[in-house]
Every structure is written in structure tokens, then in C-alpha cells.
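Here is a short briefing on one protein model.

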Amino acid sequence: MRLWIGVHLSHASLDMLCPNWRTEAAVVLERDQVQACSPAAAREGVRAGMRVAGVNTLCPHATLAQYDAHTAARAIGEVSLALLQYTPEVALCGNDTLLLDVSASLSLFGGARRLLRKVQATLAALGFAARVSMAPTAGGAWLLATFIAARRRRVLRLAALARLLDALPCAALPAAQPYLDWLEGIGGATLGALRALPRAGLQRRTHKSILQALDAAYGQAPELFEWIVPPPQFAGRVELMERLEYADAVQFVARRLIEQLCGWLAAHKRAVTRVILTLEHERGRHARPPTGLELALGAPTWEAGHLLRLLKERLHNLELAAPIIAVALHAADTETMAPVPKDLFPEPGGSPADRERVLELLVARLGRENLLHPSPIADHRPEVANGWVPIDQKPAPARCVQGAERPFWLLAAPIPLPVRQHRPFYGSPLRIVRGPERIEDGWWNGLAVRDYFIAQAADGARYWLYQERGGQSGWFLHGLFA
């Protein structure tokens, strides 16, 4: 099951520029216009796009801050780095929204609900007010996080997602915004009504990007993203809005940095053994040297809770020589994250009883349906011959095709490939390096007559392609070589 989490940082600029916006009236201005405002300012009548003169008239006591694109980008970067501890596939989309592909992380974090709560706890630790959604498509998660009310942002099935999206206005799709007047005139005010329109006519009169966005949001088309890549080294720093005079008050700021560090460690599959926290004091005429705290760990770790417990003990007994104006965190020593469990087979050639005990443990942890072994079937059709059964079930005796080169990964369903310049295309033009190998079998329950080829992409990856006999049906991707 595919599952995505959407994180919409609706108040990122307020969080970075006006930390007290939750309780006070605060306004962020961009070119003398309101870019964002706090709930207290909104209750006074302040709205996005309003001029600064109107803000001063309606809410004269509001705190005004100028929008800084660099500060907003830094906020997005901090959040994305911290969220890498839940999945390596984090992408930045429009409207200050992050998308996380957590399909492979559900078992590790105890299911969808627990994972969602962990993500929300991390965002709270970072000090950001975010709208979090969960959906089986990335486009659906983006729309839910951006436009749907809080209680309806968690959807696990495509049917339920479609019902929510059908009620959204067409303005929710950025691609449809240039055509809103025309769409409303023909009755296409919602996404559900937009889907009901004839596709060919809609594409001729608007743009194909509208259909692409609709199909992606409803799970009817693939979605491609450029994943966020963490920096090669970690060194986090937070400039404080106010001076801190007590060491215990550093914990909240340090937690922001530790969450980012743990995301960086998980992305690089590293564990930290020594961390240095630097507390910077006044500069200039009254300059004081920074205070350094070194956390030396007895065992490598990548967990935020363990680091926070150690830091809390160190800060509890620390006496500050001067107020703190900035906090920095540096991962001094790291090493490769040890595989878990490390001693799965402690000795080469363990006994069959040891192997059975390990398999029983894996079945209990992962589930019987998630631990399989091959049970090939005597059939030349790859989709039929590629059989798998649970680990505790004895495979049926069968003879495989001898001498034929087969891919490491066979797709559940072949993918049709486009043709560009008379060559199949999958990320890049594919060059045929071997073939054809004709497979003709299954006349009794679904005849398959195909010519299989091994093709190579520009990056060296090899794929298993086929054409139906005669080559009139195009190219299909059926497998991937290791």
C-alpha cells in the first residue's frame, strides 16, 4: 500500500520571525503587503494582501516583521532535514509543503497512526505550526494538507480520498487557476465536476497539466519527485530572538538541532559517538568566549530521545557566564550505523535448529505473509513461473528454465514504455544489448507470444523488455536487473 504524508508549513514565516504569534498579534509583511498574520491579528480584521496602512489602522499594537526569503528557505530546510529520520524520500512541493513517501516505513514505526503522531511530535519539537495530512497519493496528501479541515486530513483508501477531493474547488489545482472563470461558466467549479468533463475537450481548451494533476491526485497516474538530498556534513545553528539567561531554557532550542541531526544521521545511515553543543555569548565590546558542551556517548546512537536525556543532565548542572545569543550543534564523530540485528548468524554454518529459530522470530515480528521464499512453477511465462510461498510452506517441485538470463526483480504488471526516436524510453533512451528471446506458451489458459530483450539505459542500468509478436503493441518493461 502506498502512503504519503503531507506537511504544509502554513505559518513558517511567523514561526521564524515572530515566535510569540500564537498568543500575540503578529504580521509578516512583504513589499508593504501582508504575507501572513497570526490568529489574533486576523480577529482584528487583518487579511493577506492588505497594505501596511490598513494593518496600522485595524491593529496598531501588532508586531510587524519583514518577510525574508532566506529565512523561509532555512525553515523549510530545517523541517525537511528532521523528517528524513522517518523516510529517505522527502520532496518539496509548492505552497511551502513537504511530501513524505512513508510506504516502506509503516512497519518500522508501528503503523500509520503512530508514524503520523511521531511526525507531528517532531514538528512540535521544531517549533513549527504545520498542517499534516496522510493519503495514498502524493497529490492527494498535498491537497488535504493545504485545503482540508483538520479532522479530515487522514485518508488511507483511494475511494475515501476521491470523495474528499471531489468536493474541493478547482482553484485548489494550481494548473487550473488560469481557467477558473471558464470552468465555472461550464459547471466545473469542483474537482469532481472537473473530472466529469470530457477529457479530450478539456485538454484542448485548457492544458494537459490539469489532467495530469487530477490523475496523480486520484491515483490514476504515476508521480515523480526530486527528493531532498541532505548535506554531506552536519552543523546546525540557531540565532535566538531573545537572550537566554538560564541553561535549562536551552533545551527547546537544542531539541530543534538534535531532531535535525537525527534526520541527517538516518539519511546517511550514520550513528554519532560525540556531539559538541556550543552556546554563543555576546560579541563586540562585551564579547565572551562561547561555552562548549561535549557529549561523549558510550555506544553509537541515532535516537533523539537518548541525546536529549544526556543533554538535559548536562544543562541541569551548568552555570552560564553570560546570556546566550545563539546555539550551535556539531556532530564531531560519526560512524556507519550498525545493522540490526548484528549477530543474526554469529557463526558460519549454524545448525538447522538455529536457522529455524531465527525464521520463527522473523515470522513473529514481520508476519507470515511478509517472509516468502521462491516456489517456481514449470512454465515459460515469467509472470506464471515466478511463484512465491510463505517461508513455512514447502515449495512445489518444479523445473526452471535453464541457461536463460533473468532479471533480479520481476514487475507485478508490465509497464508500457513510450518510444522516442525509434527507441524505447524509460528515464533515458534504452539501447538493446541482447535478444530477442521468444517465449510462446499458455495456449490453454492465456496464450503469450513475446520477444524479450535486454536493454541498457544511459546510466548503465539494465532492463528486461518485451514486444508482442509483430511489434505492433509497443514496448513493455517486465523486469529489472540488479
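Arg450 lies over the face of Tyr466, 4.8 Å from the ring centre. The model is predicted. Its secondary structure comes to 15 helices and 20 strands. Of the 482 residues in the protein, 41% are buried.

**Charges over rings**

- Tyr466, the ring under Arg450, also belongs to an aromatic cluster with Tyr452, Trp464 and Phe476.
- Another arginine, Arg420, has its charged end over the ring of Phe425. The distance to the centre of that ring is 3.9 Å.

**Aromatic pairs**

- The structure holds eleven aromatic pairs.
- One of them joins Trp142 and Phe147, with ring centres 6.2 Å apart. The planes meet at 70 degrees, and edge-to-face requires over 60, so this pair is edge-to-face.
- Trp142 has 11% relative accessibility and therefore counts as buried. Phe147 has 36%, so Phe147 counts as partly exposed.
- Phe234 and Trp264 also pair, with ring centres 6.3 Å apart. Their planes stand at 45 degrees, so the pair is tilted.
- Phe234 lies in the loop between α11 (208–217) and β8 (235–244), whereas Trp264 lies in helix α12 (residues 250–268). The pair therefore ties together parts that are 30 residues apart in sequence.
- Phe234 and Trp264 are both buried.

**The five-stranded sheet**

- Five strands form an open sheet in the order β14-β20-β19-β18-β17. The pairing is antiparallel.
- Which strands are at the edges? They are β14 (409–417) and β17 (431–441), and each pairs on one side only.
- From one strand to the next, the twist averages 25 degrees.
- Within this sheet, β19 (residues 462–468) and β20 (residues 475–480) pair over five bridges, in the antiparallel sense.
- Tyr463 has Leu480 in β20 as its bridge partner.
- In general, strands of a sheet pair through backbone hydrogen bonds, either parallel or antiparallel.

**Around Ala65**

- Ala65 lies in strand β4 (residues 63–66).
- Is Ala65 buried or exposed? Its relative accessibility is 12%, so Ala65 counts as buried.
- Leaving aside neighbours within four places in sequence, Ala65 is in contact with Leu17, Cys18, Val27, Val28 and Leu29.
- The C-alpha atoms of Ala65 and Ala26 are separated by 7.8 Å. Along the chain, these two residues are 39 apart.
- For the protein as a whole, take the contacts between residues at least 6 apart in sequence. Of these, 58% join residues at least 24 apart.

**Cysteines**

- How many disulfides does the model have? The count comes to zero.
- A disulfide is a covalent bond between the sulfur atoms of two cysteines.
- The cut-off for a disulfide is 2.5 Å.
- Cys59 is buried, at 1% relative accessibility.
- Cys262 is buried too, with a relative accessible area of 1%.

Note on methods:
Residues are numbered from 1 along each chain as its sequence is written. This is a predicted model: local features need pLDDT of at least 70, side-chain atom pairs count only at pLDDT 80 or more; totals for chains, interfaces and linings use all residues. Side-chain values use heavy atoms; hydrogens and water are left out. Rings of Phe, Tyr and Trp (its six-membered ring) pair if their centres lie within 6.5 Å; planes under 30 degrees apart count as stacked, over 60 as edge-to-face and the rest as tilted. Buried means under 20% relative accessible area, exposed over 50%, partly exposed in between (1.4 Å probe, protein chains only). Helices (H or I, at least four residues) and strands (E, at least two) are DSSP runs, numbered from the N terminus. A charge sits over a ring if NZ of Lys or CZ of Arg is within 6 Å of the ring centre and within 35 degrees of the ring normal. Contact means heavy atoms within 4.5 Å. Two strands pair if DSSP finds at least two bridges between them. Axes are lines fitted to C-alpha atoms, for helices over the stretch in contact, and angles run from 0 to 180 degrees between N-to-C directions.
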